[in-house]
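Trainee: Please pick one part of this structure and take a close look at it with me. Then lead me on from there to the rest.

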Amino acid sequence: MPSRRQLLGILWGAAFLPLAARHADALELTPVDLRGPIDAAEYGVLPGTADNQSKRFEKMLRKAAASDVPVFLPPGTYRLSNIDLPDNTRITGVPGASRIVYTGEGHLFMADGLRRVQLSNIVIDGDNRWLGDYAGALVQLRGVAEVVIDNCEIAGSRKHAVQMERCGGRIERSHISGAAQAAVYAVESTGLSVTGNTISDCGNGGILVHRWTKGEDGTMISGNRVMRIAATAGGTGQNGNGINIFRADGVMIAGNHVSDCAFSAIRANAGSNVQITANQCLRSGETAIYSEFGFEGAVVTGNLVDGAANGVLIVNFDEGGRLATVANNVIRNLSLTGPYEHDGAGFGFGIAVEADTTVSGNVIENAGKWGMMLGWGPYLRNIIATGNIVRNAPVGCAVSVVEGSGTALLADNLFQETPDGGIVGFRWNEKTTGDLALAGNGGFAHLTIEGNRV
């Protein structure tokens with residue numbers, strides 16, 4: 001016997017059924033497509049088997065792509081190699097439980113010239129096996145308009161974990177670790193986002209955004225946790241960086257937590273219009289935040305640097321590096337020792353800038369050499385340093401007094417525990433003046449020094 005509530009529901013539906021039936025043809029109702037994902041087991045792709053299932057796996061992917069549905073991998077281990085992804089690939093599984101293990105016969109996943117590839121909720125394990133000379137990564141994608149890598153775990157690559165060339169899309173919420181090269185190597189990107197990932201224990205880099213020729217890139221890198229990045233290939237900065245930009249313009253790097261990198265937490269080389277904001281940079285082996293060589297336009301604001309050889313460097317005016325703002329950063333605990341023998345200014349200073357740059361509102365503490373460095377030799381032009389605090393450094397601010405140096409204004413800065421002077425003129429590494437914070441510009445017409453307190 002139906003309840004009163006059930007009876008009312010039946011009567012209510014019956015009242016409208018004839019009306020709907022009479023007008024169904026006129027409304028041209030389209031049936032809802034209720035197709036779900038293809039279950040891998042239906043194609044004989046079974047977890048836990050010892051054999052390589054690549055042929056069956058590829059056949060399944062082609063069928064799913066043609067039907068515009070995803071492939072679902074039930075929990076377990078699937079042993080694969082040499083998978084060429086078709087257009088419209090969508091692979092999903094149970095996070096942490098659906099595992100694809102590379103068998104080491106050339107490459108794992110490759111795609112070229114596709115519209116869309118999506119990998120989500122799966123584990124991709126390279127098992128530290130050999131990759132062919134033609135394969136740069138476990139997941140290698142070229143010319144894919146929309147890449148989505150979401151909530152995946154990618155580990156154990158003998159080269160890069162993910163390599164993308166001329167691709168757009170997003171890498172998000174994923175854990176990438178144990179790559180012998182870099183976790184993510186993206187070249188000539190088109191609207192790429194790398195967001196909310198955890199990247200660790202890679203041999204030569206964390207997130208690399210590069211271009212073959214300098215130009216607009218627009219990649220956004222935000223909310224990632226990057227840690228323990230080595231420099232096994234050596235060098236003086238091309239390896240060992242948590243986030244590395246090379247020739248890519250218009251990149252935004254915000255809100256990342258980067259720690260224990262052999263060289264820089266964040267390094268932008270020849271990247272114009274780069275924004276580096278609100279990042280945590282801890283225990284960097286060399287310079288924590290770098291904007292260097294041929295760039296125009298860098299904004300470095302609101303970052304925290306604790307532990308590095310140098311804090312923030314905006315340099316290489318001799319190579320065209322210019323035009324920046326360095327503001328409201330906290331920089332502390334800077335060492336005189338770096339990962340190589342330096343033949344220039346050395347290590348142990350908080351902020352160094354050279355051309356067309358303002359330095360304001362920063363707090364620098366415990367610098368082994370100089371709190372700030374304005375200019376290097378004749379490479380000094382249009383520098384303003386105002387409202388900064390420097391404490392516990394041998395020299396609060398070193399400013400170049402070499403012939404040919406351009407204009408610098410130093411005003412309203414506070415220096416405490418700077419025994420060798422608050423503001424001191426240098427010819428490269430040679431100290432040539434007393435404390436200009438007390439004596440004025442010392443006869444150097446290119447300097448304006450006022451309102452500072454020691």
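Mentor: Start with aspartate 249. This is a predicted model, and in it aspartate 249 has a relative accessible area of 11%. Buried means under 20%. Aspartate 249 therefore counts as buried. What does aspartate 249 form a salt bridge with? The partner is lysine 214, and the closest N and O atoms are 2.7 Å apart. Now place the two residues along the chain. Aspartate 249 sits in strand E22, residues 241-249, and lysine 214 sits in strand E19, residues 205-216. The pair therefore ties together parts that are 35 residues apart in sequence. Is lysine 214 buried or partly exposed? Its relative accessible area is 40%, so lysine 214 is partly exposed.

Take arginine 142 next. Arginine 142 bridges to glutamate 165, with 3.2 Å between the closest N and O atoms. Arginine 142 is in strand E10, residues 137-142, while glutamate 165 is in strand E13, residues 160-165, so this pair ties together parts 23 residues apart in sequence. Arginine 142 has 25% relative accessibility and counts as partly exposed. Glutamate 165 is buried, with a relative accessible area of 10%.

Now move along to arginine 322. Arginine 322 forms a salt bridge with aspartate 356, and here the closest N and O atoms are 2.8 Å apart. Arginine 322 lies in strand E32 and aspartate 356 in strand E35, residues 355-360, so parts 34 residues apart in sequence are tied together. Arginine 322 counts as partly exposed, at 21% relative accessibility. Aspartate 356 is buried, with a relative accessible area of 12%.

Asparagine 316 lies in the loop between strand E31, residues 310-314, and strand E32, residues 322-327. Is asparagine 316 buried or exposed? At a relative accessible area of 15%, asparagine 316 is buried. What is it in contact with, leaving aside neighbours within four places in sequence? The list is Glu292, Phe293, Gly321 and Glu354.

Salt bridges can also join up into a network. Asp306, Arg332, Glu365, Arg391 and Glu417 are linked in this way.

In soluble globular proteins, nonpolar side chains tend to be buried together. The largest nonpolar core here has 103 residues, and Phe57, Leu73 and Phe109 touch the most other members. Helix H2, residues 54-67, gives the largest share of this core, with 4 residues. Look at leucine 73. Not counting residues up to four places away in sequence, leucine 73 touches a set that includes Ala40, Phe57, Met60, Tyr78 and Ile122. Apart from this core lies another one, of 13 residues, among them Ala345, Phe349, Trp376 and Phe426.

Val330, Val363, Ile389 and Leu414 make a nonpolar surface patch of about 250 Å². Leucine 414 is in strand E42, residues 414-416. With a relative accessible area of 36%, leucine 414 is partly exposed.

The structure holds 4 aromatic pairs. Phenylalanine 349 and tryptophan 370 form a stacked pair, 6.2 Å centre to centre, with 25° between the planes. Phenylalanine 349 is in strand E34, residues 349-353, and tryptophan 370 is in strand E37, residues 370-374, so far-off parts of the chain, 21 residues apart, are linked. Phenylalanine 349 is buried, at 2% relative accessibility. Tryptophan 370 is buried too, at 4%. Tryptophan 370 also pairs with phenylalanine 426; this pair is tilted, 4.6 Å centre to centre, with 50° between the planes. Phenylalanine 426 lies in strand E43, residues 423-427, so the pair with tryptophan 370 ties together parts 56 residues apart in sequence. Phenylalanine 426 counts as buried, at 6% relative accessibility. Elsewhere, ring pairs link Phe263, Tyr340 and Phe347 into a cluster.

Definitions and conventions
Residues numbered from 1 in each chain as written. Predicted model: local features only at pLDDT ≥ 70, side-chain atom pairs only at ≥ 80, totals over all residues. Heavy atoms only, no water. Helix = DSSP H or I, 4+ residues; strand = E, 2+ residues; numbered from the N terminus. Buried < 20%, exposed > 50% of the residue type's maximum accessible area, 1.4 Å probe, protein only. Contact = heavy atoms within 4.5 Å. Patch = residues over 30% accessible without salt bridge, like charges linked within 9 Å, V, L, I, M, F, W, Y side chains within 5 Å. Areas by Shrake-Rupley, 256 points an atom, 1.4 Å probe, with all protein chains shown as cover. Salt bridge = Lys/Arg side-chain N within 4 Å of Asp/Glu carboxyl O. Core = buried A, V, L, I, M, F, W, Y, C linked by side-chain atoms within 4.5 Å. Phe/Tyr/Trp six-rings, centres within 6.5 Å; stacked < 30°, edge-to-face > 60°.
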